[in-house]
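Me: I am new to this structure. Please show me how to read a few of its features, one at a time.

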Amino acid sequence: MTRVDLRDESGMTLVELLVATAAGVIVMAGVTMAMIVTMRETNRVASHVDANQRARIAMTRIIDQLHSACVAPQIAPVREDSTGTMLSFLHQSGSAVSLTPVLSRISLVGTTLTESDYPVSGGAAPNWTFSETASKTTQLMTNISPVTVGAPIFTYYSYTNGKISSTPLSSLTGGANANAVQVNVAFETAPQKTAIRNDASASTEIQDAALLRLTPPAYGSTTANLPCQ
């Protein structure tokens, strides 16, 4: 049987204690850094998903309204005051034989996308007149911007030889809006959380297009192929 000497005071030296403490600090620092990186990546992914969902909701609304733009035969639903940052168009949905349209203007001001609706105030198809005062204004999205600096978020296309032209219409004034048979919508949205709003990898791009045509186009080079025909 081994006898224990109660007077034995051997243990860790000061150097060993300092080494162990330093090792523990290094391990804890590594664990903390891993947690910070993981939490940041999780926040980035969550913000990307949030931005994507908000963008898709706004895009779906715009495209659905454009798909209901042909409220009467042979009209030009896209108005000539439309630009790269403001889409002005007629639309309405329902089962009635004759629909009374709404004039909607979807505009990008700063980083906010807003829709204003103007009711019919007089006239008859296809020469309606609309109120100067919006009956409703809805904020569709915030923190959005063009996909590239200076690029439009709305572009308008006509038919050329039975196909959608590869070159967008440069202007819709002077009656050129009557040729706009397709509207393309493209924008980028940043996350709402200010902590990572400037994180480029958290932003998302979304684009879609609506064809404003009821029948297949004719392929003759002299055929106009106007919208809502």
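**Rings, charges and a disulfide**

Reply: Start with the rings. This is a predicted model. A search of the whole structure turns up zero aromatic pairs.

Me: Which charged end sits over the ring of Tyr 118?

Reply: That of Arg 105. The charged end lies 4.9 Å from the centre of the Tyr 118 ring.

Me: How many disulfides does a search of the whole structure find?

Reply: First the general idea. A disulfide is a covalent bond between the sulfur atoms of two cysteines. Here the search finds one. Cys 70 and Cys 228 form it, with their sulfur atoms 2.1 Å apart. The pair links distant parts of the chain, 158 residues apart. Cys 70 is in the loop between helix H1 (14-67) and strand S1 (86-91). Cys 228 is in the segment after strand S12 (204-211).

Me: Is the link of Cys 70 and Cys 228 left-handed or right-handed?

Reply: Left-handed, with -85° about the S-S bond.

Me: Is Cys 228 buried or exposed?

Reply: Look at relative accessibility. Buried means under 20%. Cys 228 has 1%, so Cys 228 counts as buried. Cys 70 has 22%, so Cys 70 counts as partly exposed.

Me: Now a strand residue. Where does Thr 155 lie?

Reply: In strand S8, which covers residues 154-157. Thr 155 is buried because its relative accessible area is 18%, and the cut-off is under 20%.

Me: Which residues does Thr 155 touch, not counting those up to four places away in sequence?

Reply: Thr 155 touches Pro 168, Gln 182, Val 183 and Asn 184.

Methods. Residues numbered from 1 in each chain as written. Predicted model: local features only at pLDDT ≥ 70, side-chain atom pairs only at ≥ 80, totals over all residues. Heavy atoms only, no water. Helix = DSSP H or I, 4+ residues; strand = E, 2+ residues; numbered from the N terminus. Buried < 20%, exposed > 50% of the residue type's maximum accessible area, 1.4 Å probe, protein only. Contact = heavy atoms within 4.5 Å. Phe/Tyr/Trp six-rings, centres within 6.5 Å; stacked < 30°, edge-to-face > 60°. Lys NZ or Arg CZ within 6 Å of the ring centre and 35° of its normal. Disulfide = S-S within 2.5 Å.
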